[in-house]
Amino acid sequence: MDLRHLGHTGLRVSRLGLGTLRWARDTEEQDAAELLKMFWEAGGTLLDTADVYADGGAEYLLGRLLDSLVPRSELVIATKAGSVPDPDRRFDASRGHLLAALDASLERLGTDYVDLWQVHAFDPMTPLEETLQALDIAVSSGRARYAGVSNFCGWQLAKAATWQLGVPGARTRLASTQMEYSLLQRGVEREVLPAALDLGVGLLPSSPLGRGVLTGKYRHGTPPGSRGASTTLAGFVAPYLDGPGRRVVDAVATAADGLAVTPAQVALAWIRDRPGVAAPIVGARTAHQLHEALSVEDLRLPDEICRALDDISAPVHQYPDHEWSSL
């Protein structure tokens with residue numbers, strides 16, 4: 001698998017990442033081991049997790065598989081901290097909480113360092129410079145090699161990245177921002193992606209298959225066993241099952257038929273090759289799903305198909321995002 005630099009840093013990652021959101025919850029250890037081994041053998045390096053996935057269970061499961069299954073040194077392990085199970089305060093990005101969470105993540109992962117440590121979300125109750133100082137401490141202490149953010153809107157990302165660039169050499173440059181991005185969710189193109197491109201921050205798209213909808217499996221109903229059929233996850237899928245979403249999925253399916261590939265492969269190839277994208281994070285649950293994602297490595301969409309998909313999925317961006325004189 002080809003490698004890409006993550007933003008304007010020296011860190012290189014495989015251009016597809018493997019997510020662990022469902023590990024230790026829906027994906028048991030044997031299945032996780034199969035996924036990890038398949039991903040690594042295909043040249044994949046980037047593994048994405050978080051301290052809240054399965055209440056820490058995903059990190060713990062990944063830690064049990066490290067070295068015994070694949071060499072730790074050949075993986076880029078990314079984790080996140082800042083989300084908390086508190087209904088009154090969903091995010092805690094204070095320096096104290098973040099650094100304690102990082103130490104707990106390292107213990108669960110059974111490693112001395114993570115390659116990429118990310119603030120899971122913006123915390124309006126903590127001064128941003130305090131949050132960013134935690135990233136500096138983590139990197140300077142060797143507990144993290146690179147740092148990034150997740151779920152920051154455009155101005156939040158721009159402010160954070162600019163603050164870190166304000167004192168070159170003394171503050172840790174932001175390597176990445178992780179955001180939901182797909183043919184069904186292109187909101188990041190409004191402000192986040194332009195900021196990331198301008199400031200040299202790599203984009204790691206989550207849910208690149210539109211929460212599973214871009215696979216086409218919901219075109220003719222809700223399959224049993226899918227997230228859309230789950231009482232806990234149906235609401236997660238529902239927003240992309242509306243009329244505009246159906247039109248995008250139909251267009252993806254048409255393109256897939258013409259190229260003799262699957263809709264999922266078309267959707268992944270499209271997002272992988274978007275400007276500023278470093279590595280989409282695929283949350284494959286089965287070996288078949290991961291094999292389908294990995295087979296995209298040699299697929300490049302023709303320009304005319306890209307233009308057609310761009311047109312049908314284009315978000316509405318007006319003032320002030322477009323030049324005002326053209327409106």
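Asp136 counts as buried, at 15% relative accessibility. Buried means under 20% relative accessible area, exposed means over 50%, and partly exposed lies in between, with a 1.4 Å probe and protein chains only. The model is predicted, so local features need pLDDT of at least 70, side-chain atom pairs count only at pLDDT 80 or more, and totals for chains, interfaces and linings use all residues. Residues are numbered from 1 along each chain as its sequence is written, and side-chain values use heavy atoms, with hydrogens and water left out.

Asp136 sits in helix 4. Helices (H or I, at least four residues) and strands (E, at least two) are DSSP runs, numbered from the N terminus. Asp136 touches Gln164, Arg171 and Thr172, not counting residues up to four places away in sequence. Contact means heavy atoms within 4.5 Å. Asp136 and Gly148 are twelve residues apart in sequence. Their C-alpha atoms are 11 Å apart in space.

Helix 4 also packs against helix 3. Two packed helices are described by the angle between their axes and the distance between the axes. The axes of helix 3 and helix 4 come within 8 Å and cross at roughly 35°. Axes are lines fitted to C-alpha atoms, for helices over the stretch in contact, and angles run from 0 to 180 degrees between N-to-C directions. The crossing of helix 3 and helix 4 is right-handed. A crossing is right-handed if the near helix is turned clockwise from the far one by less than a right angle, and left-handed if anticlockwise. From helix 3, Arg95, Leu98, Leu99 and Leu102 take part. They meet Glu130, Thr131, Gln133, Ala134, Ile137 and Ala138 in helix 4. By class, this contact has six nonpolar, two polar and two charged residues. Ala, Val, Leu, Ile, Met, Phe, Trp, Tyr, Cys and Pro count as nonpolar, Asp, Glu, Lys and Arg as charged, and the others, Gly among them, as polar.

The axes of helix 1 (residues 29-41) and helix 2 (residues 57-65) come within 10 Å and cross at roughly 60°. This crossing is right-handed. Glu29, Ala32, Ala33 and Leu36 in helix 1 meet Leu61, Leu62, Arg64 and Leu65 in helix 2. The contact has six nonpolar, no polar and two charged residues. Leu61 of helix 2 is buried, with a relative accessible area of 3%. Leu61 touches Trp23, Ala24, Thr27, Glu28, Glu29 and Ala32, leaving aside residues up to four places away in sequence. Trp23 is 38 residues from Leu61 along the chain, yet their C-alpha atoms are separated by 7.4 Å.

Eight strands form an open sheet in the order 9-8-7-6-5-4-3-10, with parallel pairing. Strand 9 and strand 10 stand at the edges, each with a single partner strand, so one side of each is left without a neighbour in the sheet. Two strands pair if DSSP finds at least two bridges between them.

Strand 6 (residues 114-119) is mostly covered, with six of its six residues buried. Four bridges join strand 5 (residues 76-81) to strand 6. Lys80 stands opposite Gln118 in strand 6. Between these strands the chain passes through helix 3 (residues 95-109), and this β-α-β crossover is right-handed. A crossover is right-handed if, with the strands pointing away from the viewer, the path from the first strand over the helix to the second runs clockwise. On to strand 7 (residues 144-150), strand 6 makes five bridges. Val114 stands opposite Ala144 in strand 7. Strand 6, helix 4 (residues 128-140) and strand 7 make a right-handed β-α-β unit. Helix 5 (residues 154-165) lies across strand 7 and strand 8, and runs at about 170° to strand 8.

Strand 9 is mostly covered, with four of its five residues buried. The chain reaches strand 9 from strand 8 through helix 6 (residues 192-199), in a right-handed β-α-β crossover. Five bridges join strand 8 (residues 174-180) to strand 9, and the two run parallel. Thr177 stands opposite Leu203, and Gln178 has Leu204 as its bridge partner.

Helix 9 (residues 263-272) is mostly covered too, with ten of its ten residues buried. Among them are Val266, Leu268, Trp270 and Ile271. Its cover includes strand 1 (3-5), strand 9 (202-206), helix 8 (243-259), strand 10 (281-282), helix 10 (287-294) and helix 11 (303-313).
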